[in-house]
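Okay, everyone, thanks for coming. Have a look at the model on the screen, and I'll walk you through a few spots in it.

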Amino acid sequence: MSTDRLNKVLRLMRFEGLDALALNPGPSLVYLTGLHFHLMERPVVLLIPASGEPVMVLPELEASRLEHARLPLRAFPYADNPATWENAFRQAVQAAHLNGVRVGVEATRMRFLELSYLQKSAPGSNFEAADFSLSNLRIAKDREEVEAMRQAARIAEDALQATLPAVKEGISEAELAGELVVQLLRAGSDSELPFSPIVAFGENSANPHSTPSDRRLKRGDLVLFDWGASCQGYISDITRTFSLGEPDGEFRRIAEIVKAANEAGRQAARGGIPAGQVDLAARQEIEKAGYGPYFIHRTGHGIGMEGHEAPYIFAENQQILEEGMAFTVEPGIYLPGRGGVRIEDNVVITGDGAETLTSLPRELIQL
Ligand code: CO
Ligand code: CO
């Protein structure tokens with residue numbers, strides 16, 4: 001497995017004409033090494049040369065963790081005194097033959113801290129952005145990754161079930177969100193949640209990016225949850241909408257339309273078609289019911305280690321879906337000032353269609 005992933009990254013590097021990669025903590029580093037490091041005041045850098053053993057510069061304190069890495073790594077540890085760090089970088093750069101070559105970095109992750117040490121130790125090298133190839137590296141999930149995502153979905157769904165009894169008239173969005181966080185951890189989520197859950201009541205549910213407030217729940221309100229769990233670094237991202245007591249007739253109607261749009265999107269999902277077709281399939285259901293102008297965002301986004309990654313599900317996206325790609329299908333209808341319904345599921349492309357990893361009912365359930 002580990003060498004599979006290393007071979008994959010080496011192929012990508014050859015394709016892009018890169019002689020090496022320099023990664024600091026983030027999903028790509030976790031993907032390749034299985035090691036979780038945080039960005040901190042001390043640099044941690046993985047160097048992958050096109051040939052030869054990958055090396056890692058890291059604090060002495062962390063060096064023993066390399067024994068558990070998915071691939072053999074040569075450590076260049078440094079001590080507490082920052083004056084010694086440059087030397088560790090110089091030795092690592094030498095071992096990875098990094099001088100005078102093209103080195104790919106993640107433009108959105110690499111910091112001035114790490115880059116300046118690298119540039120000083122390898123003054124003849126060119127450092128360039130390799131984000132695009134790295135996002136392709138992780139785009140098709142293998143079985144182990146899909147299993148972690150399946151579990152992340154199950155944990156999130158268990159947590160919501162455990163939270164629903166707390167939905168009562170008078171509770172605030174923030175209180176209910178707090179309860180959901182507790183239940184996510186209790187159900188077995190990694191302690192680092194993929195994002196803070198959204199709990200939105202009534203008119204707030206019409207805002208797709210609402211944040212939990214002190215708004216209190218009233219009868220007749222819609223109750224929207226957008227939440228997720230994390231399992232071995234892989235995430236789920238789910239949305240369900242309920243009502244407290246009898247909902248307005250129009251809310252019932254839009255809930256039916258959104259459910260049909262969600263189903264159409266998930267059914268359209270399969271390998272060999274452009275990602276945009278999934279968006280169109282969902283969007284058509286909403287447009288033909290006359291609510292097109294109230295579906296104000298794209299149908300979905302890729303998920304895996306990150307909440308937003310390729311493939312993005314928007315109408316114009318011509319990227320061809322392939323087995324192992326995972327993304328959300330999350331159509332919604334938002335009536336400004338009144339309320340909104342969104343139904344978000346997680347799917348992964350299989351050999352003959354798509355598997356939906358989420359299973360909670362999609363009807364507008366009255367609590
Ligand atoms: Co979501
Ligand atoms: Co989402």
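Let's start with D237, which counts as buried because its relative accessibility is 6%; buried means under 20% relative accessible area, exposed over 50%, and partly exposed in between, using a 1.4 Å probe and protein chains only. E344 is buried too, at 0%.

Before I go on, some housekeeping: this is a predicted model, where local features need pLDDT of at least 70, side-chain atom pairs count only at pLDDT 80 or more, and totals for chains, interfaces and linings use all residues. Residues are numbered from 1 along each chain as its sequence is written, chains are lettered from A and ligands numbered from 1 in the order in which they are written, and side-chain values use heavy atoms, with hydrogens and water left out.

So what coordinates the cobalt ion (ligand 1)? That's D226 (OD), D226 (OD), D237 (OD) and E344 (OE), at 2.0 to 2.5 Å. Donors here are N, O and S atoms within 2.8 Å of the metal (3.2 Å for Na, K and Ca), and water is not among the atoms, so sites may look incomplete.

The cobalt ion (ligand 2) has D237 (OD), H301 (NE2), E330 (OE) and E344 (OE) as its protein donors, 2.1 to 2.3 Å away. Along the chain, those donor residues are spaced D-x63-H-x28-E-x13-E. The two cobalt ions, ligand 1 and ligand 2, sit 3.1 Å apart, and D237 coordinates both. D237 is in the loop between β10 (234-235) and β11 (238-243), and E344 is in the loop between β16 (339-342) and β17 (345-350), so the pair ties together parts that are 107 residues apart in sequence. By the way, helices (H or I, at least four residues) and strands (E, at least two) are DSSP runs, numbered from the N terminus.

Next, helix α3, residues 85-95. Which of its residues are buried? They're W85, A88, F89, A92 and V93. They cover an arc of only 130° around the axis, which puts them on the same side of α3; that arc is taken from the directions from the helix axis to the C-beta atoms. In general, an α-helix has 3.6 residues a turn, so residues three or four places apart point the same way. Among the elements covering the buried residues of α3 are β2 (45-49) and α4 (112-121).

After α3 comes H97, in the loop between α3 and β5 (102-105). H97 has a positive phi of about 50° although it isn't a glycine, and H97 counts as exposed, at 62% relative accessibility. Q232 also has a positive phi of about 50° without being a glycine. For context, most residues other than glycine have a negative phi, and most peptide bonds are trans. Speaking of peptide bonds, the one from A310 to P311 is cis, with omega near 0°.

Last stop: the largest nonpolar core, with 38 residues. A nonpolar core is a set of buried Ala, Val, Leu, Ile, Met, Phe, Trp, Tyr and Cys residues joined through side-chain atoms within 4.5 Å. V9, L21, I48, M56 and L73 have the most contacts inside this core, and α1 (2-16) gives the most to it, with 5 residues. Domain 1 (2-138) and domain 2 (143-366) both give residues to this core, so it lies between them; those bounds come from an automatic or database domain assignment.

Note on methods: Contact means heavy atoms within 4.5 Å.
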